[in-house]
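This briefing goes through one protein model by topic. Please keep the sequence and the structure in view while reading.

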Amino acid sequence: MIEKNKYLFLTCFLLAFTAIGFISCSSDDSSTSDEAVIEEDDTETDDDATDEDTNTVSVDASYFYTTDGSVTITTVPCTLSDGTSTDCYQIVTTSLPGDHEMGPWCPGNIEDDATAGGIWLEDGEVYDVDGAFVENMATFYNDPNWMMYDANGDIYITDTQEACENAANPDVGEEYENFCVECLPSYITDLTQTWTIPITPVAQDSPVLFTTAGGGPGGPGITTAPSTRGVALNGIEFSAPAPVDNILGAYTLAPFDDAGGHINVHQGYHYHAATGFSTKVAQDDGHAALIGYALDGYGIYELADSSGVEATDLDELRGHSDDTRGYHYHVDAAGNNNFIDGLKGAYVN
């Protein structure tokens, strides 16, 4: 849908007697927005260091979008899932992005074009939720019970916070069938989210795999891993896959905006797809841009590089390694309603 890229990561070599160490140098209503792209500076930072033995690149707090105060970052002691005691970044966000606008989600009438609505993710494809999409849902889903608009073509939309909460409830009442669910930023007041991620990732011998249907990990006996996949550089959550089957099963539609996000009043604004709107760090070598960090501290990068080429050597987690970025992940295609498939490193319980 929407992708843009750029960042430079330099490696400086220091020779001292016979030992060689490596130190890296650092380097509620419109869906149109300019993305924030961070340029490199040449200031050394310990937070962007590459470990010589494991080629592990630490989280760089300077990459986060903190300009408007929507994100604050502090260093705190933490204990990881494998028992490691270390330092973590505690990232506190207002649950609303500061680097791009949100919405729209639901078009008002079946005559509306794509600018009036958001997107829907289905079977690997990204669809514009315009008036025609809503008008043709019965055909699209081969189910005549879909009829989300009245005789005038006006689409049924939740228009209060109470309606938004009720329609987004797992046990949706029949009164909300054939409604487009639209929860607005104005419904989010005094809500913050806190994420704690290790500054330096700690790789594990056995990764934690996520379920593909949403929620937490899929490994037997593992119940404490986070369902959240990671944190975007604007502090917004990379969520588990949206439960589209449950949404559609209640004859509701809860579109994402063009940035791949929507609002739950208890969760705030969160992403279910990466479409190129949020802050990114472009890579000077043309590699896909950094867009966030997984909860184990490894970087999450866009799907494709600056030439539109996708990596072909990703492991079962959607990760691989290179000399510049160490081990890191690449997000799934937006239409797959997914980011990454598991965590290679230890995380904060």
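**The sheet and its strands**

Strand E3 and strand E4 (residues 85–93) run antiparallel and are joined by nine bridges. Strands here are DSSP runs of at least two residues (E), helices are runs of at least four (H or I), and both are numbered from the N terminus. The model is predicted: local features need pLDDT of at least 70, side-chain atom pairs count only at pLDDT 80 or more, and totals for chains, interfaces and linings use all residues. Residues are numbered from 1 along each chain as its sequence is written, and side-chain values use heavy atoms, with hydrogens and water left out.

- E3 and E4 belong to an open sheet of three strands in the order E3-E4-E8, with antiparallel pairing; two strands pair if DSSP finds at least two bridges between them.
- Strand E3 (71–79) and strand E8 (193–198) each have a single partner strand and stand at the edges, so one side of each lacks a neighbour in the sheet.
- On average, neighbouring strands of this sheet are turned by 30° against each other, direction ignored; the axes are lines fitted to C-alpha atoms, for helices over the stretch in contact, and angles run from 0 to 180 degrees between N-to-C directions.
- Threonine 72 has valine 92, in E4, as its bridge partner.

**Disulfides**

- Three disulfides are present in the structure, a disulfide being a pair of cysteine sulfur atoms within 2.5 Å.
- In general terms, a disulfide is a covalent bond between the sulfur atoms of two cysteines.
- Cysteine 78 and cysteine 88 form one of them, with their sulfur atoms 1.9 Å apart. Cysteine 78 is in strand E3 and cysteine 88 in strand E4, so the pair ties together parts that are 10 residues apart in sequence.
- The S-S torsion of cysteine 78 and cysteine 88 is about 75°, so this disulfide is right-handed.
- Cysteine 78 is buried at a relative accessible area of 9%, and cysteine 88 is buried at 0%. Buried means under 20% relative accessible area, exposed over 50%, and partly exposed in between (1.4 Å probe, protein chains only).
- Cysteine 106 is joined to cysteine 180 by a disulfide with an S to S distance of 2.0 Å. This pair links distant parts of the chain, 74 residues apart: cysteine 106 is in the loop between E4 and strand E5 (119–122), and cysteine 180 is in strand E7 (residues 179–180).
- About the S-S bond of cysteine 106 and cysteine 180 the torsion is about -90°, so the disulfide is left-handed.
- Cysteine 106 is buried, with a relative accessible area of 6%, and cysteine 180 counts as buried at 0%.
- The sulfur atoms of cysteine 164 and cysteine 183 are 1.8 Å apart in a disulfide. Here too distant parts of the chain are linked, 19 residues apart: cysteine 164 lies in helix H3 (residues 161–167) and cysteine 183 in the loop between E7 and E8.
- With a torsion of about 100° about its S-S bond, the disulfide of cysteine 164 and cysteine 183 is right-handed.
- Cysteine 164 is buried at 0% relative accessible area, and cysteine 183 is buried at 5%.

**Salt bridges**

- Four salt bridges occur in the structure; the term means a side-chain nitrogen of Lys or Arg within 4 Å of a carboxyl oxygen of Asp or Glu.
- Aspartate 285 forms a salt bridge with arginine 325, the closest N and O atoms being 2.7 Å apart. Aspartate 285 lies in the loop between strand E14 (268–271) and strand E15 (290–294), and arginine 325 in the loop between strand E17 (319–322) and strand E18 (326–330), so the pair ties together parts that are 40 residues apart in sequence.
- Aspartate 322 also forms a salt bridge with arginine 325, with the closest N and O atoms 2.8 Å apart. Both aspartate 322 and arginine 325 are buried. Through shared partners, salt bridges join Asp285, Asp322 and Arg325 into one network.
- Arginine 318 and aspartate 332 meet through their side chains in a salt bridge (3.8 Å, N to O).
- Arginine 318 is buried at 14% relative accessible area, and aspartate 332 counts as buried at 13%.

**Phenylalanine 238**

- Phenylalanine 238 is placed in strand E11 (residues 237–238) and is buried, with a relative accessible area of 1%.
- Beyond its neighbours within four places in sequence, phenylalanine 238 has contacts that include Thr228, Tyr271, Ile291 and Phe339; contact means heavy atoms within 4.5 Å.
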